[in-house]
Amino acid sequence: MKQSIFTIIENRPLSPKASRMRLQGDVSAITGPGQFVDLALDGFFLRRPFSVCDADSNSFTILYERAGQGTEAMTALPVGSKLDVLTGLGNTFDRTEAGDHPLLIAGGSGASPLYWLARLLRAEGKNVTVILGFSSKEEVFYEEEFRALGCEVLVTTEDGSYGIPGFVTAAMDRPCSYFYVCGSKLMLREVCRRAETSGQLSMAQRLGCGFGVCMGCTCQTVSGGKRLCKDGPVLRKEEVLWDD
Amino acid sequence: MGRLSVDLCGIELDNPVIAASGTFGYGCEFAEIYDINCLGTFSFKGTTLEPRMGNPLPRIAEGRGGMLNSVGLQNPGVDAVIAEELPRLARFFRKPVMANVSGFSVEEYAQVCEKLEAQPQVGWLEVNISCPNVHGGGMSFGTDPESAAAVTRAVRAVTAKPVIVKLSPNVTDIVSIARACEDAGADGISLINTVMAMRIDLNTRQPVLANLTGGLSGPAVFPLALRMVWQVSDAVHIPVIGLGGISSAEDVIEMMLAGACAVEVGSANLVRPTACRDIIEALPAVMDRLGIDNLKSIIGGAKA
């Protein structure tokens, strides 16, 4: 983990709800897809956590959706603004079990950590299918970006205005050696129930510190309590205990 | 003895800054970030007799100038703390640590303290009778002078280490509870634990916290904590540790002027991992600016 000051070099809308932000600074603590960063915002006590969408030698990207006052305020930050960021938080997706044809499933900004994962899996020569789920056609983003990586991309919309009608599970009939999923808790649960293979999920939760000390995000697993910010956010399907 | 040093129940602290229980784990996460030997000391995560998983998620919410938590005393239990956490801590922390203890019966407090009494690394026992997030324990002992005294007496009987009782602000008369603890043999008082609070999500129209309520901490509670430290330090003759929303060197000095002989820094650690170190490093310059030669000389200084 590292705390340092980053400069916003891009902050632009991708859809009515979603935006992309790129920040430049010391990225040495960021080691792989699945990890997250924690941004300090003026006027808000707690930091805001976001999965890293991609990183290079001196910057990283996040995709975020306006979900409350914090993310609303983020959309107004101009290029050149400085942000205090904790980087290198949480664990990473394990690619060793991906097999030849991994399936990546995202709900909305859940696409963020899966983009970097898809890029690495493609570089390893895997056939990657990506399912991107949105509520409607105008909310769709990152379809072309995943396609540009050489992934097969399926889009689902809940209202049927674009792509396959329904939830992401409506597109889960593809050949699949393993799956990776990031989205709402309800979506994670449904995907895990439908999936016939093993897989990994990135679990979002309200965090306190983001680095494992406050116990604000501990969830029960078959292997005991796990701090989602430190022992997660990536969990294996087999270890999750769903509430119901 | 430096100009920052203070005495806490007969043990010298290099400076008055103590990282507060529940915001510092058992030290190892922070030791990866900075050398935590710069602290006065820290109070480790509230420890009970048995392991506890705590409350359902979500356990964290935000308020203006602060945060709410409803963690509910998640901890590995005192035996695991002694077998695993204290030996690990010894590898990177040279100072006596403050052991924060909680329980669900008077006997449980005494049993946990008895086990920790045998640990040479433990300098002080901080007895938490003020956790607002558990039912039938924690705060229920801290909202009534009789129960507060009963816990204090039971702990006093099993330990020679300094006993510091941590009080809840969620009471009508904190002074009477502090006096009851002093009369029952407490060596010090720390205050305040978090303030019982709540948030509602406008979209779901449901409480944000699964536990419905949680404890508010952060800068929002600082003036409330300061007022209570002022009142309690007036009423007792034992040392008072002030905590509640401290996030700067100026806050430390203000709390000491109100009567605190040392301070704890809590939620600031969660949003700025180096908060305690930053505050300690900032103290000398702030003291110079304010014409303060040494911190011991300002304790209760606002009452002169």
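The structure is a predicted model, in which local features need pLDDT of at least 70, side-chain atom pairs count only at pLDDT 80 or more, and totals for chains, interfaces and linings use all residues. Residues are numbered from 1 along each chain as its sequence is written, chains are lettered from A in the order in which they are written, and side-chain values use heavy atoms, with hydrogens and water left out.

**The interface of chain A and chain B**

- Chain A brings 26 residues into contact with 33 residues of chain B, where contact means heavy atoms within 4.5 Å.
- The two chains bury about 2300 Å² between them, 62% of it on carbon and sulfur atoms; buried area is the accessible area (1.4 Å probe) that two parts lose on being put together, summed over both.
- On the side of chain A, the residues that lose the most area to chain B are A:F45, A:R206 and A:V213, together 31% of what that side buries.
- The rule finds four salt bridges across this interface, a salt bridge being a side-chain nitrogen of Lys or Arg within 4 Å of a carboxyl oxygen of Asp or Glu.
- A:R206 also forms a salt bridge with B:D201, with the closest N and O atoms 3.9 Å apart.

**The buried residue B:E126**

- B:E126 lies in strand β8 (residues 122-128) of chain B, strands being DSSP runs (E, at least two residues) and helices likewise (H or I, at least four), numbered from the N terminus.
- B:E126 is buried yet has no salt bridge, and the nearest side chain of opposite charge, B:K166, is 4.7 Å away; buried means under 20% relative accessible area, exposed over 50%, and partly exposed in between (1.4 Å probe, protein chains only), while Lys and Arg count as positive and Asp and Glu as negative, with His and the chain ends not counted.

**Salt bridges within the chains**

- The structure holds 29 salt bridges over all chains.
- A:E124 forms a salt bridge with A:R95, the closest N and O atoms being 2.8 Å apart, and the pair links distant parts of the chain, 29 residues apart.
- A:E124 is partly exposed at 41% relative accessibility, and A:R95 is partly exposed at 26%.
- A:R227 and A:D231 meet through their side chains in a salt bridge of 3.3 Å, N to O; A:R227 is buried, with a relative accessible area of 17%, whereas A:D231 counts as partly exposed at 28%.
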